[in-house]
Amino acid sequence: MEIFRFILAALLIAGGLFVAIVACKGMFKFRFVLNRMHAAALCDTLSIMLVLMGLVVACGFNLVSLKLFLIIVFLWFASPVSSHLLALLEVTINEHLHEQCDMTEAKRLCKEKQVDLSEVKKDLAEEEKEAANGK
Amino acid sequence: MNLANAYHVLYIAAIIVLTLLLFFCLIRAIKGPEVTDRIVATNMMGTMIIMIICVLALMLDESYLLDVALIYAMISFLAVVVLTKVYTGVYKEKKQGGKK
């Protein structure tokens with residue numbers, strides 16, 4: 001029974017290390033930071049979950065495994081927030097963003113939004129005119 | 001082979017692999033052309049260090065090291081938040097200075 005527990009723990013830890021290796025390779029393979037962020041998020045979530053689950057299997061259910069669970073939960077909440085902040089920083093700082101990555105979809109969405117915004121603006125202008133005529 | 005020995009070998013192997021990956025991340029953090037690359041690489045290094053601390057805690061059978069890992073996770077998240085805010089502020093200040 002103990003040997004099966006060891007094999008399960010070893011498999012989980014090996015899987016986590018494999019995901020970490022893939023994430024590290026992705027950091028060198030991609031050329032642009034927003035692509036690299038995609039690879040880095042892999043290490044932040046899946047890799048740490050597999051490794052810490054392997055440790056939980058190895059040590060059994062006690063206070064130690066509760067702390068390991070807490071670390072996993074905290075990182076799963078923190079990682080998307082930090083990724084969002086980093087992407088926001090990149091979009092704010094980088095002035096050559098449209099040359100470095102394909103933004104046709106974003107441009108299409110912006111155009112759709114502009115149409116909507118102009119309609120909203122028209123409505124607002126008409127309301128203002130009506131208010132002025134009323135006075 | 002004794003089972004305790006096997007666990008020891010497993011933990012040592014995991015720590016060695018994670019340390020090698022840590023060095024590759026360090027290379028990325030030094031090479032990274034933009035400031036965002038460096039922050040992403042540093043964040044990833046922090047995650048790997050958390051994994052190393054957790055493995056070490058079970059290897060040495062010292063459960064207080066897990067508290068250290070939890071605090072490390074919080075501080076590395078705080079570092080990312082503060083750095084992004086600081087660099088956004090620096091960029092906006094520079095832009096306003098250019099306009100004047």
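These notes concern the helices, the nonpolar core and the salt bridges of a predicted model.

1. Helix α1 of chain B, which covers residues 3–31, contains 29 residues and spans 42 Å between its first and last C-alpha, close to the 42 Å expected at 1.5 Å a residue.

2. The buried residues of α1(B) include Ala6(B), Tyr7(B), Leu10(B), Tyr11(B), Ala14(B), Ile15(B), Leu18(B), Leu21(B), Leu22(B) and Cys25(B), and Arg28(B) and Ala29(B) are also buried. An α-helix has 3.6 residues a turn, so residues three or four places apart point the same way.

3. As for what these side chains meet, the buried residues of α1(B) pack against α1 (2–29) and α2 (33–59) of chain A, and also against α2 (35–60) of their own chain, B.

4. The largest nonpolar core comprises 60 residues, and those with the most contacts inside it are Leu55(A) and Ile71(A) from chain A together with Met44(B), Met48(B) and Cys54(B) from chain B. Two or more residues are contributed to this core by each of α1, α2 and α3 (63–93) of chain A and by each of α1, α2 and α3 (64–99) of chain B. The largest share, 14 residues, comes from α2(B).

5. Met48(B) deserves a separate look: leaving aside residues up to four places away in sequence, Met48(B) touches Ala20(A) and Cys43(A) in chain A, and Leu18(B), Leu21(B), Leu22(B) and Cys25(B) in chain B.

6. Over all chains, a search of the whole structure finds two salt bridges. In one of them the side chains of Arg36(A) and Asp37(B) meet at 2.2 Å, N to O; because Arg36(A) lies in helix α2 of chain A and Asp37(B) in helix α2 of chain B, this pair joins two chains. Arg36(A) is buried, with a relative accessible area of 6%, and Asp37(B) is likewise buried, with a relative accessible area of 4%.

7. The side chains of Lys67(A) and Asp67(B) also meet in a salt bridge, at 3.4 Å, N to O. This pair, too, joins two chains, since Lys67(A) lies in helix α3 of chain A and Asp67(B) in helix α3 of chain B. Lys67(A) has a relative accessibility of 17% and therefore counts as buried, being under the 20% cut-off, whereas Asp67(B), at 36% relative accessibility, counts as partly exposed.

How values were computed
Residues are numbered from 1 along each chain as its sequence is written. Chains are lettered from A and ligands numbered from 1 in the order in which they are written. This is a predicted model: local features need pLDDT of at least 70, side-chain atom pairs count only at pLDDT 80 or more; totals for chains, interfaces and linings use all residues. Side-chain values use heavy atoms; hydrogens and water are left out. Helices (H or I, at least four residues) and strands (E, at least two) are DSSP runs, numbered from the N terminus. The expected span of a helix is 1.5 Å times one less than its number of residues. Buried means under 20% relative accessible area, exposed over 50%, partly exposed in between (1.4 Å probe, protein chains only). Contact means heavy atoms within 4.5 Å. A nonpolar core is a set of buried Ala, Val, Leu, Ile, Met, Phe, Trp, Tyr and Cys residues joined through side-chain atoms within 4.5 Å. A salt bridge is a side-chain nitrogen of Lys or Arg within 4 Å of a carboxyl oxygen of Asp or Glu.
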